[in-house]
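Biologist: I have not worked with this structure before. Could we go through it together, one topic at a time?

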Amino acid sequence: MERNHFLIQLFFLLVVAGVFGVLPLFVDNGTMRFLTDFFLLIGIAQLWNLLAGFGGIVSIGQHLFLGAGAYAFFAMTSILGIHPYVSLPLAIPFGAALAVPVYAILSRLKLAYFAIGSWVLAEVMLLLAGKIPGFGGGSGVSLSPSIVKTFGTSIGDRMSNIYWLALGITVFIILLIIILLQSRHGLALKAMRDNETAAMAVGVNTVFVKVLLFLISGAFLSLLGAVGTLLRLRISPAASFNITDGTIFIIFIVVVGGIGRVIGPVLGAIIFLVLRETLSAYGPIYMIILGGLAIATMLIEPKGAAGLFGRISKKIRNAG
Amino acid sequence: MTIILDTIIQGSLLGGLFALYALGLSLIFGVMRIVNIAHGDFIVVIAYVGLVLMQTLGLHPLISIPLVIVMAAALGWILQAVLFDFVPNIDPLPSMLVAFGLQIIIQNTLLLGFGADPKKLSAGPIEVMSIELLPDIFVGVLPLIIFATAIILILILQAIIYRTGFGRQIRAVSDNEENARMIGIDTPKIFRKAFALVLVTIAISGLLMAVKGNFTPASGPTLLLFAFEAVIIGGMGSLWGTLVGGIVIGIAHVAGAQIDAGFQTLAGHAVFLLILVFYPSGLFAKQED
C-alpha cells in the first residue's frame with residue numbers, strides 16, 4: 001500500500017513535470033514568467049512544509065536563506081568570476097553551511113520561540129547585507145549583463161532557461177521529499193509529525209532528523225534564492241530578504257494548502273496565485289482576505305485544502 | 001566617562017519602554033502558550049486608538065490611558081472568547097498561525113484606514129522637558145515617566161500573580177492546564193481574564209510608544225522583536241527579568257546609535273544573539289520545568 005502510494009506519487013510527479021517541461025515551446029514570455037513564479041513558490045513552500053509540517057520546526061525567518069543565496073550567487077559570479085552555471089549548484093552547499101550556525105543558535109530557543117528567533121536572525125542578515133561593501137549598500141546592485149546573458153541572449157531564450165531551472169529544481173525538491181518520506185527517516189518523520197514525544201520514546205533520533213531537515217531546507221532555499229535573482233536581475237536587502245514574499249506568503253500557501261502533506265503546498269500555491277491574480281489590485285483588502293483565510297483554515301480545517309479534499313473524497317467513497 | 005554614563009542612563013530609560021512591550025508577550029506565552037506574533041501589531045493598534053481619541057475627542061494621550069485600558073481589556077477578553085478559545089492548543093503551531101493571520105489583517109486594516117505615513121501622538125511640552133540627573137547628564141521627563149511606569153506595572157503584575165486568588169489560578173493553569181481543570185478551575189474564564197490583562201499592558205505600552213516616537217501600520221514586527229529579545233534575555237517567566245532584558249537592549253541601542261544611526265537596531269540584535277549563545281536560558285530564568 002505504502003509502496004504503491006509512493007509509485008503513484010512518483011508517476012504523477014514525472015507526468016506533470018513532463019507536461020510543464022514542453023510548455024515553453026508553446027507559451028509566451030509572460031506566461032513563462034508567471035509559471036516560473038509558481039514553481040519557485042511551490043519549491044519554497046515545500047521546504048517550509050518539510051520543516052513545519054514534518055519536523056515541527058516553525059521558522060519565520062526562511063527568507064534569510066533566500067536572500068543569502070541571492071547574495072552568494074552575486075558574490076560568486078560578479079566578484080569571484082565563477083561561471084553562473086557553476087555558481088548555481090554551489091549555492092546548495094553554501095546554504096547548507098549557513099544552516100549549521102543558524103540552527104546552532106536557534107536550537108537554544110525552546111520550541112515556540114524558535115520562530116521569532118529565526119525572524120531576528122533574518123533581520124540581522126538583512127541589515128548586514130546593506131552594510132557589506134561591494135554589494136551596493138541599502139539600494140542593492142544589478143547583475144551585470146554578461147552574467148545575465150549566460151542564460152540566453154534573447155529574452156525568450158533566457159525566460160525558457162530560467163523556467164526550466166525553476167521547474168527542474170522544484171521537481172527535484174518534491175522528489176527528494178517523497179523519497180525522504182519513503183525512507184527509514186520518513187517513518188521517523190511521520191512519527192514526529194503525529195506525536196514528537198511518542199516518536200522520541202520509540203527511539204526516533206529527533207535531533208538528528210531536525211538538523212537534517214534544516215540543512216536540506218537551507219541548502220535548497222539558497223538555490224531558489226539564486227534562481228529568483230535571475231528573474232529579478234538584481235540583489236538588494238529589501239527585495240532579496242523580503243519577508244512578505246519569502247515567508248509570509250509561503251506560510252499562507254502551506255497553511256491554506258494543507259500542512260504536513262506534500263500536495264498541500266501545490267494546492268496552496270494554486271489558491272494563492274488565483275487570489276493574487278483576481279484580488280491584488282485591491283491592495284490591502286487582498287492581504288486582509290489572505291489573513292482571514294489563514295485564520296479560517298486553522299479554525300475550520302487545520303489540514304487545509306488537502307484535508308478538505310480528503311474529507312470530501314472519503315464521503316463520496318463511503319456513499320458509493 | 002560622562003558619555004559612557006550618559007549612554008547607560010539613556011539606554012536604561014529606553015529599556016523601560018522595551019520592558020513594557022515585553023511584559024505582555026511574556027504573560028501571553030507563560031499562561032496561554034500562545035506565541036503571539038501579532039503582539040507588536042496589537043501595540044500599534046493601541047497607538048492608532050490613541051490617535052483617533054486625540055483627533056476626535058481632543059484627549060491628551062496620557063489622559064486617555066485609563067479609557068484605553070478599559071477598551072483594551074474588553075478587546076482582549078473578546079479576542080479570547082470569540083477566537084483563541086476555538087483554536088486547538090495541543091501544540092503552539094495553530095495559535096501561532098492564527099496570530100500570524102491576525103497580524104496581516106491588522107497591518108493592512110491600519111494601512112487602509114490611516115495610510116503608510118508615520119504618525120506620532122503629541123503630548124505637549126512634557127516631551128521636551130528634562131532634568132539634570134547628575135552633573136552634565138540630562139534626562140527627559142517623558143523617558144523617566146515611562147521607566148517608572150514599567151516598574152510600577154511590574155510591581156502590580158507581581159502582586160496580581162503572586163498575591164491574589166486570580167493569580168494563583170493563573171499560575172495553576174500555566175503550570176498544567178489539564179490539572180488546573182481537574183481541580184475545578186474554569187480555565188476558559190482564566191484565559192479570557194489573562195488575555196484582558198495582557199491587553200492592559202499593551203494599552204499602556206502602546207500609548208507611551210506613540211508619544212515617544214513615530215509609528216506606522218508596519219511598525220509592529222519591530223516592536224515584537226524588541227519585546228521578544230527582552231523576554232529571552234531576562235529569562236522566560238521572570239517579570240523583573242524582562243526589565244533587565246529591556247535595559248540591556250536599550251543600552252545596546254543607544255550605544256549602537258553613537259557609532260552610527262544605522263547600527264542602533266543591529267546592535268540590539270547583536271547583543272541579543274550573543275546572550276542567546278552564552279546564556280541560552282536568559283539571565284534570570286524561572287526554574288526549568
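Modeller: Let us begin with a term: a residue is called buried if 20 or more other C-beta atoms lie within 10 Å of its own, exposed if 12 or fewer, and partly exposed in between. Please keep in mind that this is a predicted model.

Biologist: Let me try that on Arg33(B). How many other C-beta atoms lie within 10 Å of Arg33(B), and what does Arg33(B) count as?

Modeller: There are 18 such atoms, so Arg33(B) is partly exposed.

Biologist: Where is the place of Arg33(B) in chain B?

Modeller: Arg33(B) sits in the loop that links H1 to helix H2 (39–57) of chain B. The phi angle of Arg33(B) is near 60°, a positive value in a residue other than glycine.

Biologist: Where does Asp136(B) lie, and does Asp136(B) count as buried or exposed?

Modeller: Asp136(B) is found in the loop between strand S1 (130–134) and strand S2 (137–140) of chain B. Asp136(B) has 10 C-beta neighbours inside 10 Å and therefore counts as exposed.

Biologist: Now to chain B as a whole. How many helices and strands are there in chain B?

Modeller: Chain B has 11 helices and two strands. Read from the N terminus, its elements follow the order α-α-α-α-β-β-α-α-α-α-α-α-α.

Biologist: What radius of gyration does chain B have, and what would a compact globule have?

Modeller: For 289 residues, a compact globule would have a radius of gyration near 19 Å; the value for chain B is 19 Å, so the two agree. The C-alpha trace of chain B spans about 60 × 50 × 30 Å along its principal axes.

Biologist: And what share of its residues count as buried?

Modeller: Of the 289 residues of chain B, 50% are counted as buried. As for contacts in chain B between residues at least 6 apart in sequence, 74% join residues at least 24 apart.

Biologist: Let us turn to helix packing. At what angle do the axes of H1(B) and H10(B) cross?

Modeller: The axes of helix H1 (residues 2–32) and helix H10 (residues 239–259) of chain B cross at roughly 135° and come within 6 Å. The two helices are therefore oblique to each other, and the crossing is right-handed. The residues of this contact divide into 13 nonpolar, 13 polar and no charged.

Biologist: What about H4(A) and H5(A): how far apart are their axes?

Modeller: The axes of helix H4 (residues 84–106) and helix H5 (residues 113–129) of chain A are 10 Å apart, and the helices pack at an angle of about 135°. H4(A) is therefore oblique to H5(A). Val102(A), Ile105(A) and Leu106(A) of H4(A) make the contact with Phe114(A), Gly117(A), Ser118(A) and Leu121(A) of H5(A). These residues comprise five nonpolar, two polar and no charged.

Biologist: Finally, how many residues of chain B are in contact with chain A?

Modeller: 32 residues of chain B are in contact with 27 residues of chain A. On the chain B side, the elements giving two or more residues are helix H4 (92–114), helix H9 (220–234) and helix H11 (264–278).

Biologist: Which element gives the largest share?

Modeller: That is H4(B), with 15 residues. The side of chain B that touches chain A divides into 26 nonpolar residues, five polar and one charged.

Definitions and conventions
Residues numbered from 1 in each chain as written. Chains lettered and ligands numbered in written order. Predicted model: local features only at pLDDT ≥ 70, side-chain atom pairs only at ≥ 80, totals over all residues. Axes fitted to C-alpha atoms, helices over the stretch in contact; angles between N-to-C directions. Helix = DSSP H or I, 4+ residues; strand = E, 2+ residues; numbered from the N terminus. Parallel < 35°, antiparallel > 145°, perpendicular 65-115°, else oblique. Left-handed = near helix turned anticlockwise from the far one by under 90°. Nonpolar A, V, L, I, M, F, W, Y, C, P; charged D, E, K, R; others polar. Contact = placed C-beta atoms within 7 Å. Rg over C-alpha atoms; globule rule 2.2 N^0.38 Å.
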